[in-house]
Amino acid sequence: MRRVVVTGIGIISPVGNNPYEFFINLMTGTSGIRQLETDFSALLQVKIAASVNDFNPLAHFPKNKASNLDRTTQFALVASRQGIADSGLDLYKEDRARVGVYFGTGMGSISTIDQGYARLYRNNADRLNPVALLTSMNNAAGSQIVLDFAITGPSMTFCTACSSSTVAIGEASRVIRYGHADVMLAGGSEAMLTYGAMKAWEGLRTLALADPENLAASCKPFSLDRSGLVLGEGAAMLVLEEYEHAKARGAHIYGEIIGYGNCSDSAHITQPSVEGQVRAMRLALKEAGIAGHELDYINAHGTGTQLNDKIETAAIKQVCGATVPVSSTKSMHGHLMGASGAVEFVACLMAMEKQAIPPTANLKKSDPECDLDYVPNKGRANVRVNTVMSNSFAFGGTSAVLIARTL
Amino acid sequence: MDTFETLRQIIVDKYERDVSSITPESNLRALDFDSLNAFEIIFELEEKFDINVPTQIVPLDTLQDVVNLIDKTRSEQGK
(Lines give C-alpha, C1' and ligand atoms only; values in the text may rest on other atoms or scores of the structure.)
Protein backbone atom coordinates (compact mmCIF):
# COMPACT_ATOMS: atom_id res chain seq x y z
CA MET A 1 0.00 0.00 0.00
CA ARG A 2 1.28 3.49 -0.85
CA ARG A 3 2.25 5.73 2.08
CA VAL A 4 0.92 9.27 2.56
CA VAL A 5 2.91 12.13 4.08
CA VAL A 6 2.22 15.79 4.80
CA THR A 7 4.67 18.11 3.04
CA GLY A 8 2.95 21.50 3.23
CA ILE A 9 0.85 23.45 5.74
CA GLY A 10 -1.24 26.56 5.19
CA ILE A 11 -3.26 28.11 7.97
CA ILE A 12 -5.36 31.20 8.70
CA SER A 13 -6.48 31.19 12.32
CA PRO A 14 -7.46 33.40 15.25
CA VAL A 15 -4.00 32.78 16.74
CA GLY A 16 -1.76 33.04 13.72
CA ASN A 17 -1.61 32.96 9.95
CA ASN A 18 1.26 30.53 9.51
CA PRO A 19 1.93 27.20 11.26
CA TYR A 20 4.86 28.46 13.34
CA GLU A 21 3.12 31.56 14.69
CA PHE A 22 0.02 29.43 15.30
CA PHE A 23 1.94 26.83 17.29
CA ILE A 24 4.02 29.30 19.33
CA ASN A 25 0.80 31.03 20.37
CA LEU A 26 -0.73 27.71 21.40
CA MET A 27 2.37 26.77 23.38
CA THR A 28 2.34 30.09 25.22
CA GLY A 29 -1.38 29.89 25.93
CA THR A 30 -2.20 32.91 23.77
CA SER A 31 -5.92 33.13 23.13
CA GLY A 32 -7.62 34.39 19.98
CA ILE A 33 -10.95 34.76 21.79
CA ARG A 34 -12.04 38.38 21.94
CA GLN A 35 -14.94 40.80 21.85
CA LEU A 36 -16.69 40.48 18.49
CA GLU A 37 -16.49 43.87 16.79
CA THR A 38 -19.24 43.96 14.17
CA ASP A 39 -22.16 46.17 13.25
CA PHE A 40 -24.54 43.57 14.71
CA SER A 41 -22.71 42.88 18.00
CA ALA A 42 -25.25 44.90 19.99
CA LEU A 43 -27.98 42.49 18.84
CA LEU A 44 -26.17 39.41 20.15
CA GLN A 45 -26.45 37.86 23.59
CA VAL A 46 -23.06 36.24 23.16
CA LYS A 47 -20.61 38.86 21.98
CA ILE A 48 -17.35 36.91 22.01
CA ALA A 49 -15.69 34.90 19.25
CA ALA A 50 -12.31 33.77 18.02
CA SER A 51 -12.16 35.99 14.97
CA VAL A 52 -9.41 36.39 12.40
CA ASN A 53 -8.58 40.07 12.67
CA ASP A 54 -5.44 40.48 10.61
CA PHE A 55 -6.68 39.29 7.22
CA ASN A 56 -6.91 41.73 4.32
CA PRO A 57 -8.46 40.12 1.22
CA LEU A 58 -7.06 42.88 -1.00
CA ALA A 59 -3.55 41.77 -0.08
CA HIS A 60 -4.34 38.50 -1.84
CA PHE A 61 -6.90 39.18 -4.56
CA PRO A 62 -7.77 41.96 -7.04
CA LYS A 63 -10.70 44.08 -5.85
CA ASN A 64 -13.31 42.50 -8.14
CA LYS A 65 -12.13 38.95 -7.45
CA ALA A 66 -12.20 39.57 -3.68
CA SER A 67 -15.80 40.79 -3.83
CA ASN A 68 -16.81 37.58 -5.63
CA LEU A 69 -15.32 35.26 -3.00
CA ASP A 70 -17.04 34.51 0.29
CA ARG A 71 -14.82 34.97 3.34
CA THR A 72 -14.74 31.15 3.71
CA THR A 73 -13.36 30.86 0.18
CA GLN A 74 -10.86 33.68 0.73
CA PHE A 75 -9.45 31.87 3.77
CA ALA A 76 -9.39 28.56 1.87
CA LEU A 77 -7.55 30.02 -1.12
CA VAL A 78 -4.94 31.84 0.93
CA ALA A 79 -4.32 28.77 3.11
CA SER A 80 -4.00 26.63 -0.05
CA ARG A 81 -1.47 29.00 -1.62
CA GLN A 82 0.47 29.02 1.63
CA GLY A 83 0.39 25.22 1.82
CA ILE A 84 1.62 24.77 -1.74
CA ALA A 85 4.39 27.34 -1.22
CA ASP A 86 5.41 25.60 2.01
CA SER A 87 5.56 22.22 0.26
CA GLY A 88 8.02 23.53 -2.32
CA LEU A 89 5.99 21.77 -5.04
CA ASP A 90 6.14 23.32 -8.49
CA LEU A 91 2.69 22.40 -9.75
CA TYR A 92 3.63 23.41 -13.31
CA LYS A 93 6.07 20.51 -13.34
CA GLU A 94 3.51 18.08 -11.95
CA ASP A 95 0.95 16.07 -13.88
CA ARG A 96 -2.01 18.02 -12.54
CA ALA A 97 -4.39 15.18 -13.37
CA ARG A 98 -2.61 13.43 -10.46
CA VAL A 99 -3.27 16.37 -8.11
CA GLY A 100 -6.63 16.80 -6.37
CA VAL A 101 -8.52 18.87 -3.80
CA TYR A 102 -10.65 17.52 -0.96
CA PHE A 103 -12.23 20.32 1.01
CA GLY A 104 -14.41 20.42 4.11
CA THR A 105 -16.78 23.06 5.45
CA GLY A 106 -19.74 23.09 7.80
CA MET A 107 -21.77 26.09 6.73
CA GLY A 108 -19.92 26.99 3.53
CA SER A 109 -20.45 30.50 2.21
CA ILE A 110 -22.76 31.58 5.00
CA SER A 111 -21.68 35.25 4.84
CA THR A 112 -22.90 35.53 1.27
CA ILE A 113 -26.14 33.73 2.06
CA ASP A 114 -26.73 35.88 5.15
CA GLN A 115 -26.12 39.08 3.20
CA GLY A 116 -28.41 37.88 0.42
CA TYR A 117 -31.22 37.20 2.87
CA ALA A 118 -30.77 40.61 4.49
CA ARG A 119 -30.87 42.28 1.09
CA LEU A 120 -34.03 40.48 -0.02
CA TYR A 121 -36.04 40.17 3.17
CA ARG A 122 -34.88 43.13 5.26
CA ASN A 123 -34.07 45.70 2.60
CA ASN A 124 -36.78 44.52 0.19
CA ALA A 125 -34.42 44.48 -2.78
CA ASP A 126 -35.75 42.55 -5.77
CA ARG A 127 -32.48 41.36 -7.26
CA LEU A 128 -29.24 39.67 -6.19
CA ASN A 129 -25.74 40.00 -7.56
CA PRO A 130 -25.25 37.76 -10.63
CA VAL A 131 -22.48 35.87 -8.86
CA ALA A 132 -24.44 35.34 -5.62
CA LEU A 133 -25.13 31.74 -6.59
CA LEU A 134 -21.52 31.01 -7.57
CA THR A 135 -20.19 32.66 -4.44
CA SER A 136 -22.56 30.85 -2.10
CA MET A 137 -22.69 27.30 -3.47
CA ASN A 138 -21.27 24.79 -1.01
CA ASN A 139 -18.49 23.73 -3.37
CA ALA A 140 -17.47 27.35 -4.08
CA ALA A 141 -14.22 27.18 -2.12
CA GLY A 142 -13.20 23.76 -3.45
CA SER A 143 -13.89 24.92 -6.99
CA GLN A 144 -11.93 28.14 -6.58
CA ILE A 145 -8.92 26.18 -5.27
CA VAL A 146 -9.06 23.88 -8.30
CA LEU A 147 -9.19 26.91 -10.62
CA ASP A 148 -6.44 28.76 -8.75
CA PHE A 149 -3.92 25.98 -9.37
CA ALA A 150 -5.36 24.56 -12.64
CA ILE A 151 -5.75 21.22 -10.89
CA THR A 152 -7.50 18.50 -12.93
CA GLY A 153 -7.47 15.52 -10.53
CA PRO A 154 -10.27 14.49 -8.16
CA SER A 155 -12.07 17.23 -6.24
CA MET A 156 -14.82 16.93 -3.68
CA THR A 157 -16.43 18.96 -0.89
CA PHE A 158 -17.28 17.28 2.40
CA CYS A 159 -19.96 18.61 4.70
CA THR A 160 -20.13 16.73 8.00
CA ALA A 161 -20.38 19.70 10.40
CA CYS A 162 -17.50 19.82 12.90
CA SER A 163 -15.66 16.86 11.38
CA SER A 164 -15.77 18.13 7.76
CA SER A 165 -12.09 18.90 7.30
CA THR A 166 -10.93 15.82 9.23
CA VAL A 167 -13.04 13.76 6.83
CA ALA A 168 -11.57 15.68 3.87
CA ILE A 169 -8.00 14.93 5.00
CA GLY A 170 -8.76 11.30 5.79
CA GLU A 171 -10.52 10.68 2.50
CA ALA A 172 -7.76 12.50 0.60
CA SER A 173 -5.18 10.24 2.22
CA ARG A 174 -7.10 7.26 0.84
CA VAL A 175 -7.11 8.77 -2.66
CA ILE A 176 -3.31 8.78 -2.57
CA ARG A 177 -3.06 5.44 -0.76
CA TYR A 178 -5.16 3.70 -3.42
CA GLY A 179 -3.21 5.31 -6.25
CA HIS A 180 -5.78 7.73 -7.66
CA ALA A 181 -3.56 10.77 -7.11
CA ASP A 182 0.00 11.60 -5.99
CA VAL A 183 -0.71 14.97 -4.37
CA MET A 184 -3.86 16.16 -2.59
CA LEU A 185 -4.63 19.56 -1.14
CA ALA A 186 -6.87 18.75 1.80
CA GLY A 187 -8.40 20.63 4.71
CA GLY A 188 -11.20 23.03 5.34
CA SER A 189 -12.41 26.54 5.98
CA GLU A 190 -15.16 28.23 7.94
CA ALA A 191 -16.24 31.85 8.39
CA MET A 192 -19.57 31.87 10.20
CA LEU A 193 -19.32 34.91 12.43
CA THR A 194 -22.39 36.36 10.73
CA TYR A 195 -25.55 37.66 12.33
CA GLY A 196 -27.71 34.76 11.11
CA ALA A 197 -25.26 32.00 12.01
CA MET A 198 -24.52 33.45 15.44
CA LYS A 199 -28.23 33.78 16.19
CA ALA A 200 -28.70 30.12 15.20
CA TRP A 201 -25.91 29.14 17.61
CA GLU A 202 -27.38 31.31 20.36
CA GLY A 203 -30.66 29.47 19.90
CA LEU A 204 -28.92 26.17 20.57
CA ARG A 205 -27.63 27.45 23.93
CA THR A 206 -24.21 25.85 23.63
CA LEU A 207 -22.09 28.99 23.42
CA ALA A 208 -19.78 29.85 26.31
CA LEU A 209 -20.59 32.79 28.53
CA ALA A 210 -18.02 35.54 28.49
CA ASP A 211 -15.63 35.22 31.44
CA PRO A 212 -16.28 38.45 33.37
CA GLU A 213 -12.64 38.76 34.44
CA ASN A 214 -10.94 37.73 31.23
CA LEU A 215 -12.80 37.46 27.92
CA ALA A 216 -9.91 35.56 26.34
CA ALA A 217 -10.35 32.79 28.93
CA SER A 218 -14.04 32.14 28.21
CA CYS A 219 -13.54 28.68 26.68
CA LYS A 220 -12.64 26.21 29.45
CA PRO A 221 -12.55 22.63 28.12
CA PHE A 222 -12.51 19.88 30.77
CA SER A 223 -12.77 22.44 33.59
CA LEU A 224 -15.66 22.05 36.04
CA ASP A 225 -16.78 25.62 35.31
CA ARG A 226 -16.88 25.20 31.51
CA SER A 227 -19.95 26.84 29.99
CA GLY A 228 -19.75 25.98 26.30
CA LEU A 229 -17.91 26.54 23.06
CA VAL A 230 -16.66 29.75 21.50
CA LEU A 231 -17.23 30.15 17.77
CA GLY A 232 -14.12 30.72 15.69
CA GLU A 233 -13.19 31.17 12.05
CA GLY A 234 -10.27 30.29 9.83
CA ALA A 235 -8.86 27.62 7.53
CA ALA A 236 -6.13 25.05 7.24
CA MET A 237 -5.06 23.36 4.03
CA LEU A 238 -2.46 20.60 3.94
CA VAL A 239 -0.45 19.21 1.08
CA LEU A 240 -0.63 15.42 1.23
CA GLU A 241 1.83 13.58 -0.94
CA GLU A 242 2.70 10.02 -1.78
CA TYR A 243 5.83 9.17 0.21
CA GLU A 244 8.12 8.17 -2.68
CA HIS A 245 7.02 11.25 -4.65
CA ALA A 246 7.93 13.47 -1.68
CA LYS A 247 11.20 11.66 -1.00
CA ALA A 248 12.31 11.87 -4.65
CA ARG A 249 12.17 15.66 -4.56
CA GLY A 250 13.73 15.94 -1.10
CA ALA A 251 10.62 17.49 0.45
CA HIS A 252 10.37 18.37 4.11
CA ILE A 253 7.98 15.87 5.70
CA TYR A 254 5.91 16.96 8.71
CA GLY A 255 4.58 13.47 9.31
CA GLU A 256 2.97 10.39 7.83
CA ILE A 257 -0.78 9.81 8.01
CA ILE A 258 -1.06 6.23 9.22
CA GLY A 259 -4.64 5.98 10.41
CA TYR A 260 -8.09 7.34 9.66
CA GLY A 261 -11.34 6.29 11.25
CA ASN A 262 -14.81 7.44 10.25
CA CYS A 263 -18.15 6.22 11.56
CA SER A 264 -21.61 7.42 12.52
CA ASP A 265 -22.96 7.61 16.05
CA SER A 266 -26.52 7.15 14.84
CA ALA A 267 -27.67 8.15 18.32
CA HIS A 268 -28.72 11.79 18.48
CA ILE A 269 -28.41 14.89 16.30
CA THR A 270 -26.33 16.77 18.90
CA GLN A 271 -25.48 14.51 21.84
CA PRO A 272 -22.21 12.65 21.42
CA SER A 273 -21.97 8.95 22.20
CA VAL A 274 -19.11 7.14 23.92
CA GLU A 275 -19.69 4.13 21.67
CA GLY A 276 -19.41 6.15 18.44
CA GLN A 277 -16.26 7.94 19.55
CA VAL A 278 -14.68 4.69 20.72
CA ARG A 279 -15.40 3.06 17.37
CA ALA A 280 -13.93 5.97 15.40
CA MET A 281 -10.71 5.94 17.46
CA ARG A 282 -10.43 2.14 17.22
CA LEU A 283 -10.89 2.21 13.44
CA ALA A 284 -8.06 4.74 13.12
CA LEU A 285 -5.80 2.83 15.51
CA LYS A 286 -6.47 -0.44 13.68
CA GLU A 287 -5.47 1.13 10.37
CA ALA A 288 -2.38 2.63 12.05
CA GLY A 289 -1.48 -0.72 13.55
CA ILE A 290 -0.80 0.68 17.01
CA ALA A 291 -2.43 0.53 20.43
CA GLY A 292 -4.09 3.57 21.99
CA HIS A 293 -1.66 3.77 24.89
CA GLU A 294 1.26 4.07 22.42
CA LEU A 295 0.12 7.53 21.32
CA ASP A 296 2.28 10.45 22.50
CA TYR A 297 -0.40 13.13 22.18
CA ILE A 298 -4.13 13.40 21.53
CA ASN A 299 -5.70 16.65 20.33
CA ALA A 300 -9.21 16.26 21.69
CA HIS A 301 -12.38 17.51 20.07
CA GLY A 302 -12.72 19.22 23.49
CA THR A 303 -15.42 21.75 22.74
CA GLY A 304 -15.86 23.00 26.30
CA THR A 305 -19.49 21.91 26.60
CA GLN A 306 -20.47 19.97 29.71
CA LEU A 307 -21.54 16.93 27.75
CA ASN A 308 -18.82 16.67 25.10
CA ASP A 309 -15.92 16.81 27.49
CA LYS A 310 -17.08 14.07 29.83
CA ILE A 311 -18.21 11.80 26.99
CA GLU A 312 -14.90 12.27 25.14
CA THR A 313 -12.98 11.67 28.36
CA ALA A 314 -14.79 8.35 28.87
CA ALA A 315 -14.19 7.34 25.25
CA ILE A 316 -10.47 8.21 25.30
CA LYS A 317 -10.01 6.38 28.60
CA GLN A 318 -11.66 3.27 27.17
CA VAL A 319 -9.44 3.26 24.07
CA CYS A 320 -6.13 4.76 25.21
CA GLY A 321 -6.09 4.51 29.00
CA ALA A 322 -5.49 7.51 31.23
CA THR A 323 -1.81 8.25 30.69
CA VAL A 324 -1.60 9.75 27.18
CA PRO A 325 -1.45 13.59 27.25
CA VAL A 326 -4.68 15.07 25.85
CA SER A 327 -5.31 18.74 25.17
CA SER A 328 -8.04 20.91 23.71
CA THR A 329 -6.50 23.76 21.74
CA LYS A 330 -10.05 25.05 21.17
CA SER A 331 -9.49 26.75 24.53
CA MET A 332 -7.37 29.25 22.53
CA HIS A 333 -8.42 29.20 18.85
CA GLY A 334 -12.11 28.55 19.50
CA HIS A 335 -14.29 26.14 17.56
CA LEU A 336 -13.71 26.60 13.85
CA MET A 337 -16.52 24.14 13.03
CA GLY A 338 -15.84 22.57 9.64
CA ALA A 339 -12.27 23.88 9.69
CA SER A 340 -11.50 22.82 13.25
CA GLY A 341 -10.31 19.30 12.41
CA ALA A 342 -7.73 20.55 9.91
CA VAL A 343 -6.54 23.32 12.23
CA GLU A 344 -6.19 20.87 15.12
CA PHE A 345 -4.39 18.36 12.90
CA VAL A 346 -1.90 21.18 12.18
CA ALA A 347 -1.43 21.48 15.96
CA CYS A 348 -0.65 17.74 16.01
CA LEU A 349 1.82 17.96 13.12
CA MET A 350 3.56 20.92 14.72
CA ALA A 351 3.68 19.04 18.03
CA MET A 352 5.75 16.38 16.24
CA GLU A 353 7.76 19.02 14.37
CA LYS A 354 8.67 20.85 17.58
CA GLN A 355 8.56 17.87 19.98
CA ALA A 356 6.24 19.84 22.22
CA ILE A 357 2.67 19.51 23.46
CA PRO A 358 0.30 22.49 23.50
CA PRO A 359 -1.81 22.97 26.64
CA THR A 360 -5.48 23.07 27.46
CA ALA A 361 -5.85 26.70 28.54
CA ASN A 362 -8.20 27.88 31.31
CA LEU A 363 -8.35 24.55 33.11
CA LYS A 364 -8.58 25.80 36.67
CA LYS A 365 -11.23 23.62 38.32
CA SER A 366 -10.98 19.87 38.04
CA ASP A 367 -14.11 17.91 37.14
CA PRO A 368 -14.32 14.40 38.67
CA GLU A 369 -15.74 13.18 35.34
CA CYS A 370 -12.80 14.63 33.42
CA ASP A 371 -9.78 12.88 34.85
CA LEU A 372 -7.16 12.56 32.09
CA ASP A 373 -3.83 14.34 31.69
CA TYR A 374 -5.09 17.44 29.87
CA VAL A 375 -1.75 19.30 29.86
CA PRO A 376 -3.39 22.03 31.95
CA ASN A 377 -2.50 25.66 31.30
CA LYS A 378 1.16 25.14 30.39
CA GLY A 379 2.59 23.59 27.25
CA ARG A 380 5.29 20.94 27.50
CA ALA A 381 8.49 21.50 25.54
CA ASN A 382 11.25 18.97 24.91
CA VAL A 383 9.04 15.92 25.14
CA ARG A 384 8.87 12.94 22.79
CA VAL A 385 6.02 13.34 20.31
CA ASN A 386 6.29 10.69 17.62
CA THR A 387 2.67 9.57 17.29
CA VAL A 388 -0.38 11.84 17.45
CA MET A 389 -4.13 11.51 17.17
CA SER A 390 -6.71 14.20 16.34
CA ASN A 391 -10.38 13.72 17.24
CA SER A 392 -13.33 15.40 15.52
CA PHE A 393 -16.88 14.63 16.61
CA ALA A 394 -19.73 16.35 14.83
CA PHE A 395 -23.35 17.34 15.19
CA GLY A 396 -25.13 14.79 13.08
CA GLY A 397 -22.87 12.13 14.52
CA THR A 398 -20.04 11.79 11.98
CA SER A 399 -17.00 10.95 14.07
CA ALA A 400 -13.61 11.19 12.38
CA VAL A 401 -10.14 10.52 13.73
CA LEU A 402 -6.69 10.98 12.18
CA ILE A 403 -3.41 9.44 13.37
CA ALA A 404 0.02 10.55 12.20
CA ARG A 405 3.61 9.73 13.11
CA THR A 406 7.07 11.06 12.49
CA LEU A 407 9.17 9.26 9.89
CA MET B 1 -26.75 60.98 -15.29
CA ASP B 2 -24.88 59.98 -18.42
CA THR B 3 -25.04 56.24 -18.98
CA PHE B 4 -21.61 55.86 -20.53
CA GLU B 5 -19.88 57.93 -17.82
CA THR B 6 -21.58 55.80 -15.16
CA LEU B 7 -20.50 52.65 -16.96
CA ARG B 8 -16.95 53.91 -17.26
CA GLN B 9 -16.85 54.71 -13.55
CA ILE B 10 -18.07 51.22 -12.64
CA ILE B 11 -15.36 49.64 -14.77
CA VAL B 12 -12.67 51.84 -13.24
CA ASP B 13 -13.87 51.30 -9.64
CA LYS B 14 -14.83 47.65 -9.73
CA TYR B 15 -12.31 46.26 -12.17
CA GLU B 16 -9.47 48.74 -11.61
CA ARG B 17 -8.99 49.37 -15.36
CA ASP B 18 -7.19 52.37 -16.81
CA VAL B 19 -9.80 55.05 -17.61
CA SER B 20 -8.12 55.95 -20.91
CA SER B 21 -8.69 52.42 -22.25
CA ILE B 22 -12.46 52.72 -21.89
CA THR B 23 -14.36 54.17 -24.86
CA PRO B 24 -17.84 53.46 -26.25
CA GLU B 25 -16.16 51.40 -28.99
CA SER B 26 -14.25 49.24 -26.50
CA ASN B 27 -14.97 45.58 -27.00
CA LEU B 28 -15.96 43.67 -23.85
CA ARG B 29 -13.72 40.72 -24.77
CA ALA B 30 -10.82 43.05 -25.49
CA LEU B 31 -11.30 44.44 -21.97
CA ASP B 32 -11.04 40.82 -20.76
CA PHE B 33 -14.67 40.67 -19.63
CA ASP B 34 -16.60 37.41 -19.96
CA SER B 35 -20.38 37.04 -19.96
CA LEU B 36 -20.44 36.84 -16.16
CA ASN B 37 -18.59 40.17 -15.91
CA ALA B 38 -21.12 41.67 -18.33
CA PHE B 39 -23.96 40.53 -16.06
CA GLU B 40 -22.17 42.05 -13.06
CA ILE B 41 -21.78 45.37 -14.87
CA ILE B 42 -25.46 45.34 -15.84
CA PHE B 43 -26.36 44.60 -12.21
CA GLU B 44 -24.38 47.66 -11.09
CA LEU B 45 -26.12 49.80 -13.72
CA GLU B 46 -29.53 48.49 -12.63
CA GLU B 47 -28.67 49.57 -9.09
CA LYS B 48 -27.46 53.02 -10.18
CA PHE B 49 -30.49 53.78 -12.36
CA ASP B 50 -33.11 51.84 -10.38
CA ILE B 51 -34.19 49.85 -13.42
CA ASN B 52 -34.81 46.19 -14.20
CA VAL B 53 -33.09 44.93 -17.31
CA PRO B 54 -35.03 41.99 -18.81
CA THR B 55 -33.59 38.56 -17.93
CA GLN B 56 -33.04 37.66 -21.58
CA ILE B 57 -30.69 40.18 -23.11
CA VAL B 58 -29.31 40.71 -26.61
CA PRO B 59 -25.67 39.80 -27.32
CA LEU B 60 -23.34 42.54 -26.14
CA ASP B 61 -20.05 43.15 -27.95
CA THR B 62 -19.08 46.72 -27.14
CA LEU B 63 -19.65 49.15 -24.30
CA GLN B 64 -21.95 51.09 -26.66
CA ASP B 65 -24.14 47.95 -26.85
CA VAL B 66 -24.38 48.04 -23.05
CA VAL B 67 -25.21 51.76 -23.09
CA ASN B 68 -27.93 51.17 -25.72
CA LEU B 69 -29.48 48.40 -23.63
CA ILE B 70 -29.49 50.53 -20.49
CA ASP B 71 -30.80 53.65 -22.28
CA LYS B 72 -33.60 51.63 -23.87
CA THR B 73 -34.56 50.18 -20.48
CA ARG B 74 -34.36 53.59 -18.77
CA SER B 75 -36.59 55.08 -21.40
CA GLU B 76 -39.14 52.22 -21.19
CA GLN B 77 -39.19 52.38 -17.37
CA GLY B 78 -39.15 56.18 -17.19
CA LYS B 79 -35.91 56.38 -15.15
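Modeller: At 4% relative accessibility, A:Y374 counts as buried, a word used here for under 20% relative accessible area, with over 50% called exposed and what lies in between called partly exposed (1.4 Å probe, protein chains only). This is a predicted model, in which local features need pLDDT of at least 70 and side-chain atom pairs count only at pLDDT 80 or more, whereas totals for chains, interfaces and linings use all residues. Residues are numbered from 1 along each chain as its sequence is written, chains are lettered from A and ligands numbered from 1 in the order in which they are written, and side-chain values use heavy atoms, with hydrogens and water left out.

Rings of Phe, Tyr and Trp (its six-membered ring) pair if their centres lie within 6.5 Å, and planes under 30 degrees apart count as stacked, over 60 as edge-to-face and the rest as tilted. By this rule there are seven aromatic pairs over all chains. In one of them, A:F40 and A:Y195, the ring centres are 5.6 Å apart and the planes stand at 50 degrees, so the pair is tilted. A:F40 lies in the loop between β2 (34–35) and β3 (48–49) of chain A and A:Y195 in helix α8 of chain A, so this pair ties together parts that are 155 residues apart in sequence; helices (H or I, at least four residues) and strands (E, at least two) are DSSP runs, numbered from the N terminus. A:F40 is buried at 12% relative accessible area, while A:Y195, at 29%, is partly exposed. For A:F222 and A:Y374, the centres are 4.1 Å apart and the planes at 15 degrees, so the pair is stacked. A:F222 comes from the loop between α8 and β7 (234–242) of chain A and A:Y374 from the loop between α13 and β11 of chain A, so the pair ties together parts that are 152 residues apart in sequence. A:F222 is buried too, with a relative accessible area of 1%.

The loop between α13 (340–354) and β11 (387–393) of chain A also holds A:N362, whose phi is near 65 degrees, a positive value in a residue other than glycine. Most residues other than glycine have a negative phi. A:N362 is buried, with a relative accessible area of 12%.

Charged side chains make links of another kind. In one of them A:R2 meets A:D182, with the closest N and O atoms 2.9 Å apart. A:R2 lies in the segment before β1 (4–12) of chain A and A:D182 in the loop between α7 (164–177) and β6 (183–190) of chain A, so the pair joins parts that are 180 residues apart in sequence. A:R2 is partly exposed at 25%, whereas A:D182 is buried at 16%.

In chain B, the salt bridge between B:R8 and B:E5 has its closest N and O atoms 2.7 Å apart. Because they are three residues apart in helix α1 (residues 3–15) of chain B, about one helical turn separates B:R8 from B:E5. B:K79 and B:D50 form a further salt bridge (3.1 Å, N to O). B:K79 lies in the segment after α3 of chain B and B:D50 in the loop between α2 and α3 of chain B, so the pair ties together parts that are 29 residues apart in sequence. Salt bridges that share partners also join A:R119, A:R127, B:E46 and B:E47 into one network. B:D50 has a positive phi of about 55 degrees although it is not a glycine.

Arginine and aromatic rings meet as well. A charge sits over a ring if NZ of Lys or CZ of Arg is within 6 Å of the ring centre and within 35 degrees of the ring normal. A:R3 lies over the face of A:Y243 at 4.4 Å from the ring centre, and B:R74 over the face of B:F49 at 3.8 Å.

Key
A salt bridge is a side-chain nitrogen of Lys or Arg within 4 Å of a carboxyl oxygen of Asp or Glu.
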